[in-house]
Amino acid sequence: MRIRKRIEFEDIKFSKRIIIPENTDEIGENESGNAADAVSLEFNSDGRDLGGYSPQYAAAVTGPDGSTHPGMGGWPETEISFAVIEEDLPRVNAWFTDDYRGVTSPESTTLQKNRTSAIRSVLSNYFSSASVANRFTSPFRLGWRYRYKDGSTGAFHDFGVMSVFATAPRLPITRYSISGKTLYTALQIRNIPARLRYRVVVSDETALAEITKNVDFIEVFATKPVPLYDPSTDVAGVRSIVIDGEPKRCWHYTSYDESEVILRAEQDNDFRRIGVISADEIGKNRDYTDLPMSAGTLTGFSRLPAYTESGAVTPSTPAGSKLVITTSPLHLGYPDDDKCLRSVYLRGVFPRDKVRMRIYGSHHREQWHLIAETTGPMISGLLGMRWRWFLIEIESPVREGDFFEALTFVVNV
């Protein structure tokens, strides 16, 4: 059956990113162009030792991007132990000796259950402890805006994705023992529990004074840090993995692919206010300092004040800018059914010869596959695989008076 469905932008959650030409900036209602150019925020992350996970082995901690974290004396560490039935003892010994000569029987369901429960608890407790301490452990989007004394707000400045660690932590074993029928292992958690830091970059002190005389505070928004693994992850046992240039025995479990994690972060547009910077602090913090965050901010993320943007998408940006819109995943009214998308039409007022559209498909909203892309407001004649979910990315130059109103889909269900 072929259906035709129109979805208004006011009914879609979406992310909005503005690509501004060199020497311009987004300008809010109470901002002059010079002031907006002259005052901005920069962010970074700084790893700190986490209570309850103090390292027993000193190490210089370096992130995937090469950044160093002197606030950490080493990688977070913890330990686990669980019972092993007699039939599984040869296999468990072989995990550490590589001598499988006495392993003749398949592993028991008890061994599978006990190790899985232990590793799931390690991961869950670690990430929960990091959240309680307001530490970021995985990628998220970040942005900020001015809140003026008259209650109005300035333009939203999208800082993009902050990537502390985009892969699930490896769990190298540092010590082990088998006593009777109990396996004990001490292990590292190769992840960085990081504080979010900011600094104010000022190129014109006069412009700074112009901003601060009208500003009440700066609001800092973030999306929820992306999970790095499924809580119901499978734990395969102990495997040898090369870390720091040498093989190490690690607890191994299934996790999300790095590209998938980053894509999820890029597509999330549920921004929540995680902290505010008072007007008095704007001119002081030229060096990186911790962002003020209330206790438990990251544990109650869904209760934080939301930054919302809905309705027809009307760019309020300088001429020559580009607007990039990415929709949230769309099921087109049939979330449990596979659908074959035939065409997509973009409705509104925009430069129809320059707008670009990309369509992505997914079965479970985890891995996204590019289906088609084109220049123009229509993609048609699509045939091929069926998908449950679709995501649309739109990129267009900005003209005064432009807006995106709706998307019309034609699908076979």
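Residues are numbered from 1 along each chain as its sequence is written, and side-chain values use heavy atoms, with hydrogens and water left out. Because the model is predicted, local features need pLDDT of at least 70 and side-chain atom pairs count only at pLDDT 80 or more, whereas totals for chains, interfaces and linings use all residues.

A salt bridge is taken here as a side-chain nitrogen of Lys or Arg within 4 Å of a carboxyl oxygen of Asp or Glu. With this rule, 22 salt bridges are counted. One of them joins the side chains of D290 and R48, with an N to O distance of 2.7 Å. D290 belongs to strand β14 (residues 289-290), while R48 sits in the loop between β3 (39-47) and β4 (77-83), so the pair ties together parts that are 242 residues apart in sequence. Strands (E, at least two residues) and helices (H or I, at least four) are DSSP runs, numbered from the N terminus. In terms of accessibility, buried means under 20% relative accessible area, exposed means over 50%, and partly exposed lies in between (1.4 Å probe, protein chains only). D290 is partly exposed at 31%, and R48 is partly exposed at 22%.

A second pair is formed by R141 and D158, whose side chains meet at 2.4 Å, N to O. R141 is buried, with a relative accessible area of 4%, whereas D158 is partly exposed at 24%.

The side chains of E373 and R356 also form a salt bridge, at 3.1 Å from N to O. Here E373 in strand β19 (residues 369-375) is linked with R356 in strand β18 (residues 356-362), 17 residues apart. Both partners are partly exposed: E373 has a relative accessible area of 42%, and R356 has 28%.

Attention now turns to helix α2. In this helix (residues 89-97), the buried residues are L89, R91, V92, A94, W95 and F96. Their cover includes helix α3 (109-132) together with strands β7 (171-179), β8 (182-188), β11 (235-243) and β12 (246-253), where contact means heavy atoms within 4.5 Å. Just after α2, D98 adopts a positive phi of about 65°.
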